[in-house]
Amino acid sequence: MTGAAPPRKRVAVLISGRGSNMAALIAAASDPAWPAEIALVLANRADAAGLASAAAADIATTVVEHRRYGEDREAFEWAIDRELGAAGIDLVCLAGFMRLFTPWLPGRWAGRMLNIHPALLPAFKGVDTHARALAAGVRIHGATVHFVVPEMDSGPIVAQAAVPVHPDDTADTLAARVLAAEHRLYPLALKLVAGDRVRIVDGRCEIAGAAAAQGALLVPADSA
Ligand code: GRF
């Protein structure tokens, strides 16, 4: 006898801008056999371009404008948390969400909130990662999906994608190569987490069994 498939995890994607990673997650989740569904897209600004593409894909959208809360960052986070609760969300994916949280929201969603960062963490935390990677002369660059903890761009690493740096790269050409890898990486990482393959042990992620190798995505030089 085979048991019923576990219910799909309800995922909220938080965006501030164009939402191309959000679109990659929506595309992956359009397969009903996938372990997660995108149940909500939340933006902190009404002009986030990704809102329109989410709505076009029939995904519920909402806006919690950070500006309305002024300096009161916790009140902004409570408002986000209320939306997540109202939508019955299980997991949160930050995807180009350009607000720093106080420790409150990451604490409340500990082990249930992911972020994608355009660098191979722990290298190049923060902004302008591609220009800084070029300035440092690294030969390999990439992206990381990690659980969110109060400290920025830290937290247990779920999966990473590596891309080559070419001698003639600019920050823009490198960003485009990394972004294409991000669009493969985030669905892969969310599938692992939503499928209950990932455990956090002593601040590091353990990925179950045969899925373990899936946490590393290497984009070979001749295809990038
Ligand atoms: C991505 O490069 C992501 O890694 C970073 O912000 C960018 C968002 O792009 N956190 P998009 O909105 O997903 O297109």
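Let's start with β1, which is mostly covered: six of its seven residues are buried, where buried means under 20% relative accessible area, exposed means over 50%, and partly exposed is in between (1.4 Å probe, protein chains only). Strands here are DSSP runs of E with at least two residues, helices are runs of H or I with at least four, and both are numbered from the N terminus. Keep in mind that this is a predicted model, in which local features need pLDDT of at least 70 and side-chain atom pairs count only at pLDDT 80 or more, while totals for chains, interfaces and linings use all residues. Residues are numbered from 1 along each chain as its sequence is written, and side-chain values use heavy atoms, with hydrogens and water left out.

Now for the partners of β1. Strand β1 (residues 9–15) runs parallel to β2, and seven bridges join the two; strands count as paired if DSSP finds at least two bridges between them. Along that pairing, Ile 15 stands opposite Ala 43 in β2. Strand β1 also pairs with β4 (residues 91–94), again in the parallel sense, over four bridges. Here Val 11 sits opposite Leu 91, and Leu 14 is opposite Leu 94.

Zooming out, eight strands make up an open sheet with mixed pairing, in the order β3-β2-β1-β4-β5-β6-β7-β10. At its edges are β3 (61–63) and β10 (216–218), each with a single partner strand, so one side of each has no neighbour in the sheet. From one strand to the next, the twist averages 20 degrees.

Helix α1 (residues 20–29) packs on it, touching β1, β2 (36–43), β4 and β5 (113–117), and its direction makes about 155 degrees with that of β2. Contact means heavy atoms within 4.5 Å, and the angles run from 0 to 180 degrees between N-to-C directions, with axes fitted to C-alpha atoms and, for helices, over the stretch in contact. Together, β1, α1 and β2 make a right-handed β-α-β unit: with the strands pointing away from you, the path from the first strand over the helix to the second runs clockwise. Helix α3 (residues 73–86) lies across β1, β2, β3 and β4, at about 150 degrees to β2.

How enclosed is α1? Seven of its ten residues are buried, so α1 is largely enclosed by the rest of the structure. The buried ones are Asn 21, Met 22, Ala 24, Leu 25, Ile 26, Ala 28 and Ala 29. Their cover includes β1, β2, α2 (50–56), β4, β5 and α6.

As for Leu 190, leaving aside neighbours within four places in sequence, its contacts are Val 11, Leu 25, Trp 34, Ala 36, Ile 38, Leu 91, Cys 93, Leu 114 and Gly 195.

At 12% relative accessibility, Asn 115 counts as buried. Not counting residues up to four places away in sequence, Asn 115 touches Leu 94, Thr 144, Val 145, His 146, Val 148, Asp 153 and Tyr 186.

Finally, the charged pairs. The structure holds six salt bridges, each a side-chain nitrogen of Lys or Arg within 4 Å of a carboxyl oxygen of Asp or Glu. One of them joins Asp 81 and Arg 108 (2.6 Å, N to O). Asp 81 lies in helix α3 and Arg 108 in helix α4 (residues 104–108), so this pair ties together parts 27 residues apart in sequence. Asp 81 is buried, at 10% relative accessible area, whereas Arg 108 is partly exposed, at 46%. Another bridge links Asp 47 to Arg 45 (2.8 Å, N to O); Asp 47 is exposed at 55%, and Arg 45 is partly exposed at 29%. Glu 206 and Arg 199 also meet in a salt bridge (3.0 Å, N to O), with Glu 206 partly exposed at 38% and Arg 199 exposed at 54%.
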